[in-house]
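Please look at the sequence and the model shown here before reading on. The report that follows goes from a single residue to the whole chain.

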Amino acid sequence: MAAPIRTSTTTQSAQQFRAPPSRNFSSPEVIALLLSLLWIVMSAAYFFFVDTSEAPDDPLRVMMTVVAVFLPVAVIWVGAATARSARIMREEATRLQAAIDGMRKTYLDGQRANAATADPAVARKLDEIAAAQKQTESAIVTFTSSRERRQEPVRIEGPVDEASFDQTKLELGTTAEDIQPPILRADFIRAVNFPENPEDNVGFGALRRALKDRKASKLIQAAQDVLTLMSQDGIYMDDLRPDRARPEIWRKFANGDRGPSVSALGGIRDRSSLALTSGRMRQDPVFRDTVHHFLRQFDKSLIEFCEEADDTEVAALSETRSARAFMLLGRVAGTFD
């Protein structure tokens, strides 16, 4: 649909811009012709009725006579040419304005047509990404809800015989989460990367185990929040291709270094993602608070992770979706400055 609209409108604009065939005589030229003939007739009548035979044959007098006859005619035609040029310029300006209006209309029609006839493959890919994101979010919510239900206290009516419970008594203020074994680093890496698709059983298993860890669950929840908010602007971590930072740079950041030594962590070069994120940071206070909360949680988790992890594990963590979100948001927020 876009091509026919563009072709027809362009042809119409070209026809409007093409100069029409010029007429032989315009009104100023006709007036100039009549004035010229009148002046020549009056000059001829003068020389016919006035006796000039007794006038001396002076060359200067002859030249002045010729000038007196033909100079007014020349002035008349100069005025006619000026009027003709002004008329042509006005017509050209009108046609040029019409052509510009036609090209502007062609551009707007083409934009609307292209938006209406977008590549179905691209639209289908975007729909698949959005559907996968929604499925992942639903699965995370399901795991979180199940975990919360398991933590609800069981109400028992009637007297309770404490001897009947074969359960280890915990100290005051100690919860079941506090005595859980620490999460494996491999599970932590897979969990902060989130499952690849609904069939990623290994990823969901790692996510389930990470949600049982109090510290890891806070980071996962914060990462889920920012990823969901950024997906509303069409920003997905799988689309980003950041510059890789060496593990020692991540360790320097974990040790508190800032400035040029850790600037490689802001290796996100996608201008549209940076611009959209920066604009939303300025305009949306909820998004800004969510981003700062995520940056704090990732910073804390990174410090603890780098204390025991080797370079291979640090490199694997830097490839996760949560780490890419940290690189993007950290660069926008100035965390690496």
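## A buried phenylalanine in a loop

In this predicted model, Phe194 has a relative accessible area of 5% and is therefore buried, since a residue counts as buried when that area is under 20%. The place of Phe194 in the chain is the loop between helix α5, residues 185–193, and helix α6, residues 201–211.

The backbone of this residue also deserves attention, for the phi angle of Phe194 is near 65°, which is a positive value in a residue other than glycine. Most residues other than glycine have a negative phi.

## Where two helices cross

Two packed helices are described by the angle between their axes and by the distance between the axes. For helix α7, residues 214–231, and helix α12, residues 321–333, the axes come within 10 Å and cross at roughly 65°. Because angles of 65 to 115 degrees count as roughly perpendicular, α7 and α12 are described as roughly perpendicular to each other, and their crossing is left-handed.

Which residues make the contact between these helices? On the side of α7 they are Ala223, Val226, Leu227 and Met230, while α12 contributes Ser322, Ala325, Leu328 and Leu329.

## A valine that touches both helices

Val291 belongs to helix α10, which covers residues 285–308, and with a relative accessibility of 0% Val291 counts as buried. When residues up to four places away in sequence are not counted, Val291 touches Val226, Met281 and Leu329; of these, Val226 lies on the α7 side of the contact described above and Leu329 on the α12 side.

Val291 and Ala222 are 69 residues apart along the chain, yet in the model their C-alpha atoms are separated by 8.3 Å.

## The chain as a whole

The secondary structure of the protein consists of twelve helices and zero strands. Of its 337 residues, 32% are buried.

The mean pLDDT of the protein is 76, and 69% of its residues reach 70 or more. Over residues 1–17 the pLDDT stays under 50, and for this stretch the model has 18 contacts beyond four places in sequence. Residues 143–170 also have a pLDDT below 50, and this stretch has 18 contacts in the model beyond near neighbours in sequence.

How values were computed
Residues are numbered from 1 along each chain as its sequence is written. This is a predicted model: local features need pLDDT of at least 70, side-chain atom pairs count only at pLDDT 80 or more; totals for chains, interfaces and linings use all residues. Side-chain values use heavy atoms; hydrogens and water are left out. Axes are lines fitted to C-alpha atoms, for helices over the stretch in contact, and angles run from 0 to 180 degrees between N-to-C directions. Helices (H or I, at least four residues) and strands (E, at least two) are DSSP runs, numbered from the N terminus. Angles under 35 degrees count as roughly parallel, over 145 as roughly antiparallel, 65 to 115 as roughly perpendicular and the rest as oblique. A crossing is left-handed if the near helix is turned anticlockwise from the far one by less than a right angle, and right-handed if clockwise. Contact means heavy atoms within 4.5 Å. pLDDT is the predictor's confidence in each residue, from 0 to 100. Buried means under 20% relative accessible area, exposed over 50%, partly exposed in between (1.4 Å probe, protein chains only).
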